[in-house]
Structure formats: C-alpha cells, structure tokens
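Thanks for coming, everyone. I'll keep this quick and put the structure up now.

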Amino acid sequence: MKPKMAGTALDASVRRSQNSSAILTADDIATLRKAAEGDARVATLLGSRWGFIDANRLPPVGKVSFGCCRNTVQLVRLVYYSYSSNVAVEVRMKEASVFSAARLEGYLPPEGPQDVQRGIELAKADPRLAGKVQPLEGHGLLMQPDRGFFRNDPGYGHRIMWITFSQGQSGDPKYWAVVDLTEDTVLDAGEEPPRS
Amino acid sequence: MKRVVWSGLIVLFSLISAVPSFAETQSEHINWGRWSFDWEVRDNTGLALRDVTYADELVLAKASMPVIRVKYVKDMVWWNPFTWFGSRAESGRCGPFQDRLRWQDLVPIVNCGNQKVCVESATQNNVKWLELGVYGRIGEYHIYQSWHLSEDGELRPVVQSRGLSCNTNHVHHPYWRFDFDINGNGMDQVFVHDDGGPDSGWGPGWRKYTNERNDVKISETHRTWFVRDQLNGHGVLILPGTGYAPLIDDGERDRFADHDVAIRRANVSEDVPWSFGARGQLRYDEDNQGVQEQDIVFWYVSHLPHMAAMGPTKWLATGPTLRIQR
C-alpha cells in the first residue's frame, strides 16, 4: 500500500493515452533472450556462469520532439552479468537479431532476479544460517565493498549481494549474509543485532 | 441471423484481444490542466517524465531519478580498535547500496486500483494536484517515487522510503536529473540567489553560473536556483525541500554525497543509467564545459536520514520544489 497523500479521488480530467512503442512484454523479453543467448558472440562473452539482469527499449537518441520517428525505437538492450568473467555484458537487439554485444567494464548493473535467487540459495545453505531462516523470506540488494588502505574489504571488485531474511515484506531483517556471486560463495553471515 | 451474431461476437472478441493491457504499459501520454507530458519507466531511472510542457511551452526534455545512493553508518565498538578506523568507516555495517528502480521492481499499488503507475488527482488548500507514483520493492526497501504537479505550475519530485537493510542508522541520497529545455531552444541559463548577496549585474543576490560545477545549499541565505530561457526569460525556480513531517528539510550533505546540486551541459552520452556505483559521486564535469546559454541539466541531491530506532514501518519523504516562473 502506498503512503497516503492528501485526497485520492481520480479526476476525470486526466487524459491518458498509451505510448505503445515503449511496451516490452514478458513474451517479448523471452523471445529476445532466447535469440541473444543462442548467439555465439554472446555466449563467449557470458562464459559458463551468468545471470540475466534486465531488458529495456533504448530511448530515442537526442531530443527528437517532432516528425514521424519520434517514438520509433528500434533497439532493445539486454543486460547480463557474467559471473565467470566478473563483468556486465550488454546485448543490443534489433528485432530478433543481435545487433551488438559488448562487455561493460566497471559497470555495476542493478540486481537481477538470478542475482537475488542465487544469493538466497547460497545464504540458506550456509551453516551459520541453516535451519534458522527457512520460515523467513529472503531479499537481496547489490552492495559494493570498498578498496581499503591496507587491505580491501572482502569481495572488493566482485558481484556482491547483501542478503537478508525477514518476515514477509516487513522490511525488518532478522538474519543477513554477504554473498560473493563471482566466487559463488558466502563471505559472512549472522543474526541481525537489535536496532541501535 | 445466428451467423451474423456469431460473426459480430468474433469481431468484438478479436478487437478486445488486440487492445494491449492498459495496466501493463510502461509509458503513457498525459494531459492534465495546463500540463502535458509523457511518463515512462525504463533504463533504470525510475518513473521519469519526458517532454514536459506547461501552458503549451516546453519546460523539461526529461526529469528522472537515476539512483538513490544509501550509506549506513559504521558500528564502532569501544573495545575493538579495529573498528575505530579503516575502510569500514566508508562502508557501514551493510552496503553501501545504489538503488535503481525498474519496471520489474514495481508492485501493483493496492490503494490505487492495483496499477503499477498510480495517477491520481486531489485538491489541497484549494489547489489541484496531480500525483504520479510508483511503488518499488528492492531488498528490504519499500520505495514510493512520485511526481506531484499543481495546476498553478509547481512540480514536486518526492521519494518516500521505509524498511531497513540492517539495523543501523543510514541516509538515502536520491539523485534527480532535470534536463531543462525551456522554450525548447537550448539557450538556458542557470542562476543562484543568496539573500544579502551582492549585485553582480543580475539583481541583488543573483549570480550566473558560467561553467559546470557542483554547489551546496545554504539555509542561512535561503539559497535557491533559477533556470531560465535567455530569449523569453521564462524559467523554473528550484527550491530546496522544506521537509515532509517528521523531517524539517531535505537533509545535509556528507562525505558520501558531498553536494546538493550540480549544473551540467546536456550531453546525450550522459543520459544513461547511473554509472558511478554505490560509492561514486556524480561526475560528467571533467571537461568543465561552459553552461551559459546552453542546453542544461540540473541535478538535485537530497539527503534523507533514517534512524534505525524508528523501525521499518515509518515512511520518510524528501524532495525539492520546482516552480514555473513566467
């Protein structure tokens, strides 16, 4: 439920019309992924272990505010994370064909469903949490360990997830784990201390 | 007769199934009062507005929120000297995080017709407001990101947040990106005003930015900013947020997010998903480009403190005010 704002009555004077060119359905994404993941160039970039992050229609380049092609967006960008190469991979699709594929060095894309799912799986199996988190719901957020003065934080430069377990979607974590998806391992885990 | 009825039903069914699901659209055009704009959710920049016009004149090419950087404090244990210094001071007990809202993070809003993008109008103090909002769920966070437009020319971007990634105090730093295009001709100017400031030719207290730079709020001088079109003088005032209860303002910058506003010359290559990680400050100013009579991007950063003791259920809100001046 969204936070309540003053007044909730929908005003009939709001005129809405769909921009159909911006729609990307789950079926569209599945089709595009199948084509991308079957492409040899993409397979080479992804390596043996990877996760799908997200898909977006590329917005129009520049500020075309008139003419026939304002809303004609040809390309769809698929973003993956290659755990085995520890790098994000961008695939640009034109219709159902791979237009380009490239590594995005240094870019940390948002957490994808596989990032979260794998993070939760590894955390649940960790001896420090095993048997404690089963009735709880797992959540995951991408975090970024720091480069240290004497030594780097554990997981520095890797795809690291902060995994928490809480009652449903209470936003109140009871257990946590730091999961390194690049190494496919749990770096640390424990019980969440009381609120300070 | 039976055949005609069946044919009619088949045609009707095919027409209905050809209409895309209204609730699933990721972009719409909206006309409301004197406002006209598109909204969209794509490219990891939350709920964004495009081609925003007010009273038939272009104001913004795009307004978006590419990231909320989140910094938790470090636990310092008095008996453990290893916790007194070192890299964890820059890290906190968990995080830092870079929250980016995408379509896949949005949930149906149960108190807004189960739509993923809420569009509602309301009246407050005799002024009509239009609200567009999305409810994102990422990690433990519940984030409601919204745009509020008033019939008399105010635009308020707001972020509301609840939930804890770990039980420690932390600060959310939402970054709003306003790609101004006032009157649509790329001749924008950016000014800053301080009460009691000298007159450098633009009126008492007004100064004009000449090059890309970051700047800070000064509450003592009620610092505000003004972006205007050089040709017709129409513009937009940018006012630091005065706070949504229980907060009294939109927070204080810190080492993690060390500025409140940033003025940049617009560049297509910089209209991309947040590229600086959870730890990186906004850049795009390495070449210190001139910003006089140019196509301008104005970034506003607010700083939303969340005390862990408040728990995970209390919504906290932050955001500046933009006011059209003609």
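One definition before we look at strands: two strands pair if DSSP finds at least two bridges between them. And remember that this is a predicted model.

Now chain B. Strand β2(B), residues 35–41, is joined to strand β3(B), residues 47–54, by six bridges. The two run antiparallel. B:Val41 stands opposite B:Leu47 in β3(B). Five residues lie between these strands in their hairpin, and B:Asp43 takes a positive phi near 65°.

Look at the other partner of β2(B). β1(B) pairs with β2(B), again antiparallel, over six bridges. B:Glu28 has B:Trp39 as its bridge partner in β2(B). This hairpin has two residues between its strands. In the turn, B:Gly33 has a positive phi of about 55°.

Is β2(B) enclosed or open? Five of its seven residues are buried, so the strand is largely enclosed by the rest of the structure.

Next, across the chains. β1(B), residues 27–32, is joined to β1(A) by four bridges, running antiparallel. Here A:Gln18 stands opposite B:Glu28.

How many residues are in contact between the chains? There are 57 from chain A and 69 from chain B. On the chain A side, β6(A) gives the largest share, five residues. By class, that side has 25 nonpolar, 20 polar and 12 charged residues.

Last, the core. The largest nonpolar core has 115 residues. A:Met161, A:Val179 and B:Phe298 have the most contacts inside it. Strand β4(B), residues 57–72, gives the most to this core, with 10 residues. As for A:Val179, its contacts beyond four places in sequence include A:Gly119, A:Ile160 and A:Leu187.

Note on methods:
Residues are numbered from 1 along each chain as its sequence is written. Chains are lettered from A and ligands numbered from 1 in the order in which they are written. This is a predicted model: local features need pLDDT of at least 70, side-chain atom pairs count only at pLDDT 80 or more; totals for chains, interfaces and linings use all residues. Two residues are in contact if their C-beta atoms, placed from the backbone, lie within 7 Å. Ala, Val, Leu, Ile, Met, Phe, Trp, Tyr, Cys and Pro count as nonpolar, Asp, Glu, Lys and Arg as charged, and the others, Gly among them, as polar. A nonpolar core is a set of buried Ala, Val, Leu, Ile, Met, Phe, Trp, Tyr and Cys residues joined through C-beta atoms within 7 Å. A residue is buried if 20 or more other C-beta atoms lie within 10 Å of its own, exposed if 12 or fewer, and partly exposed in between; C-beta atoms are placed from the backbone.
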